[in-house]
Amino acid sequence: MDDRVIVGYDTSTGSEAAVRWAAAEAAARGWALDVVHAWGFAGQEGGGAGSSWLGRQVQAQVQEVADEGARVAREAAPGVDARGVVAYGAAAVQLVERAGSARLVVLGRHGAGRFGDGLLGSVTSGVLHHAPCPVVVVPQESHARESGDPVVVGFDGSPGAYGALEEACEQARLHGTDVSVVTAWSATGETSSVSYWVLAYPNRSPGEVAQEEAERVLERARSWSASRHDVAVSCDVAEGRAAEVLARRSRHASLVVVGTRGRSGFTSLVLGSTSRAVVQRAHCPVLVTRPARPVPESPAP
């Protein structure tokens with residue numbers, strides 16, 4: 001694996017925001033930065049432009065786009081080792097291939113083909129589902145990191161949540177800020193039937209049971225983070241659906257970190273519904289981690 005960040009660039013304002021974030025991250029870590037512009041067809045000479053004089057002119061213009069992205073990176077983080085790279089073929093495919101040897105992939109939430117505020121760009125969606133390394137999605141309106149803004153991480157006790165918590169702590173350590181661990185609970189959708197709750201919990205409401213379970217889950221995060229003496233970690237329980245809670249918290253966060261799949265995720269899906277919803281709605285960059293090795297569940301009290 002190379003100490004390298006990959007960022008997609010297509011001249012859109014969204015991709016420019018991604019380049020600026022990626023440049024700052026690469027500079028902070030001492031990693032190199034590849035600003036990738038995808039164009040043309042894979043497997044064809046010059047992406048299909050050919051080797052004629054006109055074809056070479058077209059290729060030079062395409063390279064200028066990638067180089068422009070690299071200039072944006074150097075302006076955002078002077079001294080960063082940034083280069084413009086042209087990749088021939090579908091953007092998502094090319095970025096996923098390069099992600100195999102990279103530390104991180106960074107993308108804008110929408111590219112040049114943006115259609116609708118509530119939709120995730122097709123390239124970003126494809127990379128999120130298939131990239132083997134962590135992916136950061138930067139919204140166009142994302143605010144710059146502030147010294148007082150914490151790294152917010154969603155925690156549900158799943159193996160992926162531990163990986164997200166570890167990454168959140170590392171991000172906070174690197175950028176000199178705190179970690180805010182959030183476990184969400186909601187009574188909505190928790191009951192399979194009224195008769196079930198009458199029999200299983202005759203004296204307690206679904207909301208009370210959900211909140212108590214959230215407290216137990218959060219205690220695992222407290223226990224894990226107690227060994228981290230290099231960052232300050234706070235933990236709290238919030239009422240509401242996880243995606244909505246994290247989206248609200250993102251207004252006052254420098255970064256939101258989520259795992260790929262939570263406790264209710266299907267093994268056939270790489271990106272869980274909560275992670276996808278957070279990426280779509282967050283007001284700050286969202287880092288989606290990759291599956292971590294399983295962590296044993298704490299025994300029931």
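Visitor: Where is the place of Thr11?

Guide: This model is predicted: local features need pLDDT of at least 70, side-chain atom pairs count only at pLDDT 80 or more, and totals for chains, interfaces and linings use all residues. Residues are numbered from 1 along each chain as its sequence is written, and side-chain values use heavy atoms, leaving out hydrogens and water. Helices (H or I, at least four residues) and strands (E, at least two) are DSSP runs, numbered from the N terminus. Thr11 lies in the loop between strand E1 (4–8) and H1.

Visitor: What is phi of Thr11?

Guide: Most residues other than glycine have a negative phi. Thr11 is not glycine, yet its phi is positive, near 80°.

Visitor: Which accessibility class does Thr11 count in?

Guide: Buried means under 20% relative accessible area, exposed over 50%, and partly exposed in between (1.4 Å probe, protein chains only). Thr11 has 44% relative accessibility, so it counts as partly exposed.

Visitor: At roughly what angle do the axes of H1 and H2 cross, and what does that make H1 to H2?

Guide: Axes are lines fitted to C-alpha atoms, for helices over the stretch in contact, and angles run from 0 to 180 degrees between N-to-C directions. H1 (residues 13–29) and H2 (residues 53–76) have axes that come within 8 Å and cross at roughly 50°. Therefore H1 is oblique to H2. Angles under 35 degrees count as roughly parallel, over 145 as roughly antiparallel, 65 to 115 as roughly perpendicular and the rest as oblique.

Visitor: Which residues of H1 and H2 meet?

Guide: Contact means heavy atoms within 4.5 Å. On the H2 side are Gly69, Val72, Ala73, Glu75 and Ala76. They meet, in H1, Glu16, Val19, Arg20 and Ala23.

Visitor: Which are the edge strands of the ten-stranded sheet?

Guide: Two strands pair if DSSP finds at least two bridges between them. The open sheet runs E3-E2-E1-E4-E5-E10-E9-E6-E7-E8, with mixed pairing. An edge strand here pairs on one side only, which leaves E3 (82–88) and E8 (233–239).

Visitor: How many bridges join E2 to E3?

Guide: Strand E2 (residues 32–39) and E3 run parallel. Trp39 stands opposite Tyr88 in E3. The bridges joining E2 to E3 number seven.

Visitor: What direction angle does H5 make with E6?

Guide: Helix H5 (residues 159–175) packs on the sheet.
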